Amino acid sequence: MTGTDALTLAVGAGALVVTTRHLVRAGLYLVVSLGAVAGLFLVLTAELVAWVQLLIYVGAVVVLLLFAVMLTRAPIGASDDLDRPGWPAALIGGGAGLGLAALLVDAYRWSTVELPEPGTAERLGAEVFGSWVLPFEVLSVLLLSALVGAVVVSVRIPGRRR
């Protein structure tokens with residue numbers, strides 16, 4: 001798989017995530033998109049980041065999303081009462097995307113940027129477990145509380161009316 005193939009797969013699956021009407025299919029398309037991003041990291045010879053991408057995002061976040069959807073008994077299929085026309089959102093999103101692209105091109109033109117020296121797993125580990133430990137722990141508590149909340153909402157207690 002080349003970088004262009006992985007990029008095409010990631011963008012195509014990402015587009016399917018936001019355009020599908022079925023929630024579980026959107027979660028599975030998200031798995032494909034995040035897996036393709038891990039493939040992009042492999043093409044860039046960033047094997048550690050690719051494994052982290054697979055383990056954290058594909059292995060944990062998407063599974064948590066799918067479990068939360070299944071435990072809350074949310075409507076999984078298409079719902080006619082929640083559907084709205086998509087053209088206003090496409091128009092606003094396309095306009096914002098074009099505006100940001102024009103701003104980016106205008107800001108950087110043909111300038112070059114000096115790249116830092118390549119990182120190692122040791123430096124990455126020191127950075128992640130040094131200054132980024134607290135955000136990771138807060139995120140893990142947030143995901144755990146979301147899962148516990150989904151279980152609490154989905155449990156039926158005999159005698160309690162809904």
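The following legends describe close-up views of a predicted model of a protein chain.

**Figure 1. Overview of the helical chain.** The secondary structure of the protein chain consists of six helices and zero strands. Read from the N terminus, the order of elements is α-α-α-α-α-α. The protein chain has 162 residues, and 13% of them are buried. Of the contacts in the protein chain between residues at least 6 apart in sequence, 61% join residues at least 24 apart.

**Figure 2. Helix 2 and the helices it packs against.** Helix 2 covers residues 23–43, a run of 21 residues. From its first C-alpha to its last, helix 2 reaches 30 Å, which is close to the 30 Å expected at 1.5 Å a residue. Its buried residues are V24, A26, G27, S33, L34, A36, A38 and G39. These buried residues pack against two helices, namely helix 1 (3–19) and helix 3 (47–71).

**Figure 3. S33 in helix 2.** This view shows one of the buried residues of helix 2, S33. S33 has a relative accessible area of 11% and counts as buried because this value falls under 20%. Leaving aside neighbours within four places in sequence, S33 is in contact with A10, A13 and G14.

Figure 4. Q53 is found in helix 3. The relative accessibility of Q53 is 8%, so the residue counts as buried, the limit being under 20%. When residues up to four places away in sequence are not counted, Q53 touches L34, V37, A38, F41 and V58. Among these partners, L34 and A38 also belong to the buried residues of helix 2.

Figure 5. T20 has a relative accessibility of 23% and counts as partly exposed. Residues up to four places away in sequence being left out, T20 touches R25, A26 and Y29. One of these partners, A26, is listed among the buried residues of helix 2.

**Figure 6. T45 and its positive phi.** T45 follows helix 2 and lies in the loop between helix 2 and helix 3. The phi of T45 is near 55 degrees, a positive value in a residue other than glycine. Most residues other than glycine have a negative phi. With a relative accessibility of 57%, T45 counts as exposed because this value is over 50%.

**Figure 7. The lining of the largest pocket.** The space in the largest pocket comes to about 760 Å³. A total of 21 residues line the largest pocket, and V52, I56, Y57, V128 and F136 are those nearest its centre. Helix 3, helix 5 (121–131) and helix 6 (133–154) each contribute at least two residues to the lining. Helix 3 gives the most, with ten residues. By residue class, the lining of the largest pocket contains 17 nonpolar residues, three polar residues and one charged residue.

Figure 8. A60 has its place in helix 3. Its relative accessibility is 38%, and A60 therefore counts as partly exposed, between the limits of 20% and 50%. Along the chain, A60 and L143 are 83 residues apart. The separation of their C-alpha atoms is 9.6 Å.

**Figure 9. The salt bridge between D106 and R109.** One salt bridge is found in a search of the whole structure. The salt bridge joins D106 and R109, and the closest N and O atoms of the pair are 2.8 Å apart. D106 is partly exposed, with a relative accessible area of 46%. R109 counts as exposed at 59% relative accessibility, because exposed means over 50%.

Terms used. Residues are numbered from 1 along each chain as its sequence is written. This is a predicted model: local features need pLDDT of at least 70, side-chain atom pairs count only at pLDDT 80 or more; totals for chains, interfaces and linings use all residues. Side-chain values use heavy atoms; hydrogens and water are left out. A salt bridge is a side-chain nitrogen of Lys or Arg within 4 Å of a carboxyl oxygen of Asp or Glu. Buried means under 20% relative accessible area, exposed over 50%, partly exposed in between (1.4 Å probe, protein chains only). Helices (H or I, at least four residues) and strands (E, at least two) are DSSP runs, numbered from the N terminus. The expected span of a helix is 1.5 Å times one less than its number of residues. Contact means heavy atoms within 4.5 Å. On a 1 Å grid over the protein atoms alone, a cavity is a set of points where a 1.4 Å probe fits but cannot get out, and a pocket is an open set with protein on both sides within 12 Å along at least five of seven lines; lining residues have an atom within 4 Å of a point. Grid points are joined across faces, edges and corners, and a volume is the space filled by probe spheres set on the points. Ala, Val, Leu, Ile, Met, Phe, Trp, Tyr, Cys and Pro count as nonpolar, Asp, Glu, Lys and Arg as charged, and the others, Gly among them, as polar.
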